[in-house]
Amino acid sequence: MKYLNNSKYIVFSLITTITASAQSHYPGQHQSKIKVGDTKNIQLTAFDLQDVKLLDSPFKDNMIRESKWIMDISASRLLHSFRNNAGIYSGNEGGYFAMKKLGGWESLDCELRGHSTGHILSGLALLYASTGDNKYKVKSDSIVSGLAEIQKVLNQKGYLSAFPENLIDRAIKGQKVWAPWYTQHKLFSGLIDQYLYCNSNEAFEVVKGMADWAYQKLKPLTQEERKTMLGNEFGGMNDSFYALYQITANPNYKFLEEFFYHDDALNPLIDKEDNLNKKHANTYIPKLIGISRAYELEGTNKYREISEFFWNTVVDHHSFITGSNSDKEKFFEPDHQSEHLSGYTGESCNVYNMLKLTRHLFAYDPKIKYVDFYEKALYNHILGQQDPQSGMVAYFLPMKPGAHKVYSTPEDSFWCCVGSGFENQAKYGEFIYYHDKKNLFVNLFIPSQLVWKEKGLTIKQETTFPNQNNIKLTINTAGSEAVPINIRYPNWATEGAKLSINGEQQKITVKPGNYIILNRKWKNGDTIEVAFDLPLKITPTPDNPKVVAVTYGPIVLAAELGTTDMIEPAPFSNPKLYNDYYTYDYHVPASITNKLNYSSKELLKNISKVNNSDLLFKIKGNDEVLKPISDIHRQRYTIYWELNK
């Protein structure tokens, strides 16, 4: 990259506190829309999202709830701040009477206003791809048309935002401002997703205009101005410009993708230096997604090595048992998890972006460890981020014993994790299956149906995993060639597995941590059944062997602790309080304790399943029920236990 150099490394400090990433292109997708190929350094490729349909499951239930919320927010309300900025008519008295304003981070006096509109454009595009329901495209088109009109009225060389361009100028000068490029990234990404998934040429023209404005704005900057500007959080702008360069082959967009290489953050990683302690976690992660895209398109091994080192460092040394990371949005000292069991751990945007990074790394190095992590974070964090009663989502997954999930509100939150949440719940089908030219890979055990058009192959996956451990694949094919089907044998499946084809038992010759390869010419109606035994396990924190968590296969089990002293509006955030999600007082009763009079071995022996049909467990001598953390809502819980032996 043009801006990668060997200058003296500078430890940087970021004062902003949010980020997320959007556009959802992975190697192998959208081949008809790209001019610069991304598969030359890739071993496995993704299916287009529309080729995978969710069947009935908690994942589909989340998607349905999320879609109701996203459809309930009118296009006019989402466009109001943009129209206000451009001086466009938006209702009587400038919308004072006619327009009910969005609150929280979408308030007209918030410098991040407009970010949710970008996320919602991505969410609608992903919903359209996931379901094929035209209502999502119709709503998308109305938002895109409104943005196109606003861009034209602004008449600022393609600039488009809900805030004036002066906020960008403040970032360039190093003046205090809350992350204008972060917000621009959401809009870039949403419009790109509209083009990729909804075939919106209007969105494509709008986003190209924005990119042309950015080129004219940034090309004249000095290296010092560039360095100053990149000290302010900019989300995944490099990722967006890689996407636009890939679609258009426009060299101006290649300049921009390289312009957003952040030397101060990334250069230390070249020497495999873990410099993450006290760094704002999710300011970092999108930068790695961007340079992963660089490797896919350009093949420079350095960028792959940086991304892999970062991923391994975060997953192995900075993450909790759930796959989430950070305390009050910041990385902490490596392997010090037991010291950070607070009410502000596990920012949801972090997990969202770590899953995106995982998919890119898996494509060119398809190791089981990537899928195992993805599964862990998906089941234990993302699936449980959403309240099943209201559809609202949590900013954090607290590790504090006796805390509870704190949910957003329908019209007065719009945090970053609300924005990424609009996408999280719309794209559960994206990593279940992968492929190369000959092989199909089954990564996740989620009820779904895949259509592999090039092979004339349809796979229907039926399972209630993890409640039951059986997975059934039914094959329908019009093809005449053998298609090897590779089924993930997870590292956690240490107690073995059983496999049958058309009811006939098969010998498994590989160990956990590999794919089980079934190579044959398939016929209509062929079935594959596999069952993994899920083991109970006690996992200590790296820094304290007496602070432990309980897992069942990949599932984190937590204790339900009731609702004592949960005062209204709990479990929801109070939008009348400043940054309530970030300063929340959980009022944990003194009677709640996470102490157990067991050693790790004794604890394992004293946990038993309540019945065979549900994931409910009991600890001998305790009244609390253990269940998956993703299933615990609107009450207190504990994930980590403190052992007395």
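Modeller: A pocket is an open set of points on a 1 Å grid over the protein atoms alone, with protein on both sides within 12 Å along at least five of seven lines; its lining residues have an atom within 4 Å of a point. The model is predicted: local features need pLDDT of at least 70, side-chain atom pairs count only at pLDDT 80 or more, and totals for chains, interfaces and linings use all residues. Residues are numbered from 1 along each chain as its sequence is written, and side-chain values use heavy atoms, with hydrogens and water left out.

Biologist: How many residues line the largest pocket, and which lie nearest its centre?

Modeller: The lining of the largest pocket has 29 residues, with Ile 321, Lys 376, Lys 537, Thr 539 and Thr 551 nearest the centre. Helix 13 (301–317), helix 15 (368–385), strand 13 (536–541) and strand 15 (555–560) each give two or more residues to this lining. Helices (H or I, at least four residues) and strands (E, at least two) are DSSP runs, numbered from the N terminus. The pocket holds about 700 Å³ of space, a volume being the space filled by probe spheres set on the grid points, which are joined across faces, edges and corners.

Biologist: What makes up the lining of the largest pocket by class?

Modeller: The lining has 14 nonpolar, ten polar and five charged residues. Here Ala, Val, Leu, Ile, Met, Phe, Trp, Tyr, Cys and Pro count as nonpolar, Asp, Glu, Lys and Arg as charged, and the others, Gly among them, as polar.

Biologist: Why is the contact between Asp 239 and Arg 293 called a salt bridge?

Modeller: The rule asks for a side-chain nitrogen of Lys or Arg within 4 Å of a carboxyl oxygen of Asp or Glu. The closest N and O atoms of Asp 239 and Arg 293 are 2.8 Å apart, and the pair therefore qualifies. Asp 239 belongs to helix 9 (residues 237–248) and Arg 293 to helix 12 (residues 281–298), so the bridge ties together parts 54 residues apart in sequence. In total, 27 salt bridges are counted.

Biologist: What other partner does Arg 293 have in a salt bridge?

Modeller: Arg 293 also meets Glu 296, at 3.7 Å from N to O. Both lie in helix 12, three residues apart, about one turn of the helix. A separate network of salt bridges with shared partners joins Lys 254, Glu 257, Glu 258 and Glu 298.

Biologist: Why is Lys 254 called partly exposed, and why is Glu 258 called buried?

Modeller: Buried means under 20% relative accessible area, exposed over 50%, and partly exposed in between (1.4 Å probe, protein chains only). Lys 254 has 24% relative accessibility and therefore counts as partly exposed, whereas Glu 258, at 12%, counts as buried. Their closest N and O atoms are 3.4 Å apart in a salt bridge, and both residues lie in helix 10 (residues 251–259), four residues apart.

Biologist: What lines the largest cavity, and how is that lining divided by class?

Modeller: A cavity is a set of grid points where a 1.4 Å probe fits but cannot get out. Five cavities of 30 Å³ or more are counted, and the largest has a volume of about 100 Å³. Among its lining residues are Tyr 26, Tyr 352, Lys 356, Tyr 374 and Glu 430. Helix 14 (348–364) and helix 15 each give two or more residues to this lining, which has seven nonpolar, one polar and three charged residues.

Biologist: What makes strand 2 and strand 10 edge strands?

Modeller: Two strands pair if DSSP finds at least two bridges between them. Seven strands form an open antiparallel sheet in the order 2-5-6-7-12-9-10. Strand 2 (52–54) and strand 10 (504–506) each have a single partner strand, so one side of each lacks a neighbour in the sheet.
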